[in-house]
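Have a go at each one before you read the solution.

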Amino acid sequence: MIDVTFDPTLANTLAQSLKLTAIALPLDLQIGDLTRLTDAKNSYWGLKARYTKSGGASAEFAAVTTSQQRLQRVLATGTTLRVWTSVNPADQLGWGWLCSQLVQAQFMGVIQRIQIPLSGPVMTEMGPVFMQNSTIGELDEPALEHDLATAKVVTAADWVAFSYHWQACYEDNAALRLTLGGRVVGVPQDFLDPLVRTCYRPEQSTAQTLGRILANYPIGMPNWWWQYRIDQIAKASVR
């Protein structure tokens, strides 16, 4: 069995702490032009590289391409996959994309899915607390061990249905995709800018503004994207 996640931090935890074989697919499908998955020259790669400082647009594209190629090799073997997702749009869209890959590959193996709640009561050494996480990458080893028992088999018919949803999102190709009321919805690129403005202080650093955003709005958007929107608002404020 191989575990699949769209969160690199979770993949690292599964591999290092739980000693599981995990594939990370850091697709960030909630952001930007979805045709970029097969287009190394798409402007998305340069934008992301500017903020992640990962080695440039080509390195960003290569990392995603390599992860997809690894997945394709696994699909060809028919190995059972256990997929970790949450309500975040990156996970929901990643799951739809993965289902489309299963259909295209005519995958004959077993698919299990673990749907992780990002909020809810948990028991700690200090007593019960209400947990709120932004992403499944924030979960610790005990929580993940508990969640392993919740895996459910997904039928091939369901793969097809989820692949249809992915295709609809792909064709819509909105600038940004969010989960609203449990549904993935396409919105304009600046849709969340009002939230950024409530946290923005011209006299403070980007890091301070980012920290305030992450604390107030844990909705699963990556740090680099928030930094991009902070920059856009900062530029607009000095015009």
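**Exercise 1.** How far is the sulfur of Cys99 from the closest cysteine sulfur, and which residue holds that sulfur?

*Solution.* Keep in mind that this is a predicted model. Start at the sulfur of Cys99: the closest cysteine sulfur sits in Cys169, 12 Å away. Next, bring in the cut-off: a disulfide needs two cysteine sulfur atoms within 2.5 Å. The Cys99 sulfur is therefore too far from its closest partner for a bond.

**Exercise 2.** Work out whether Cys99 and Cys199 are buried or exposed.

*Solution.* Buried means under 20% relative accessible area. Cys99 comes in at 0%, so Cys99 is buried. Cys199 has 1%, so Cys199 is buried too.

**Exercise 3.** Find the angle at which the axes of helices H2 and H3 cross, and name the arrangement.

*Solution.* First locate H2 at residues 43-52 and H3 at residues 57-77. Their axes come within 8 Å and cross at roughly 105 degrees. Angles of 65 to 115 degrees count as roughly perpendicular, so that is the label for H2 and H3. Now look at who touches whom: H2 brings Trp45, Gly46, Lys48, Ala49 and Thr52, while H3 brings Ala57, Glu60, Phe61 and Val64. Sorted by class, this contact has five nonpolar, two polar and two charged residues.

**Exercise 4.** In which sense do strands E8 and E9 pair, and over how many bridges?

*Solution.* Take E8 (residues 176-180) and E9 (residues 183-187): they pair in the antiparallel sense, over five bridges. To check one, pick Thr179, whose bridge partner in E9 is Val184. Finally, inspect the hairpin turn: two residues lie between the strands, and Gly181 has a positive phi near 60 degrees.

Note on methods
Residues are numbered from 1 along each chain as its sequence is written. This is a predicted model: local features need pLDDT of at least 70, side-chain atom pairs count only at pLDDT 80 or more; totals for chains, interfaces and linings use all residues. Side-chain values use heavy atoms; hydrogens and water are left out. Axes are lines fitted to C-alpha atoms, for helices over the stretch in contact, and angles run from 0 to 180 degrees between N-to-C directions. Helices (H or I, at least four residues) and strands (E, at least two) are DSSP runs, numbered from the N terminus. Angles under 35 degrees count as roughly parallel, over 145 as roughly antiparallel, 65 to 115 as roughly perpendicular and the rest as oblique. Contact means heavy atoms within 4.5 Å. Ala, Val, Leu, Ile, Met, Phe, Trp, Tyr, Cys and Pro count as nonpolar, Asp, Glu, Lys and Arg as charged, and the others, Gly among them, as polar. Two strands pair if DSSP finds at least two bridges between them. Buried means under 20% relative accessible area, exposed over 50%, partly exposed in between (1.4 Å probe, protein chains only).
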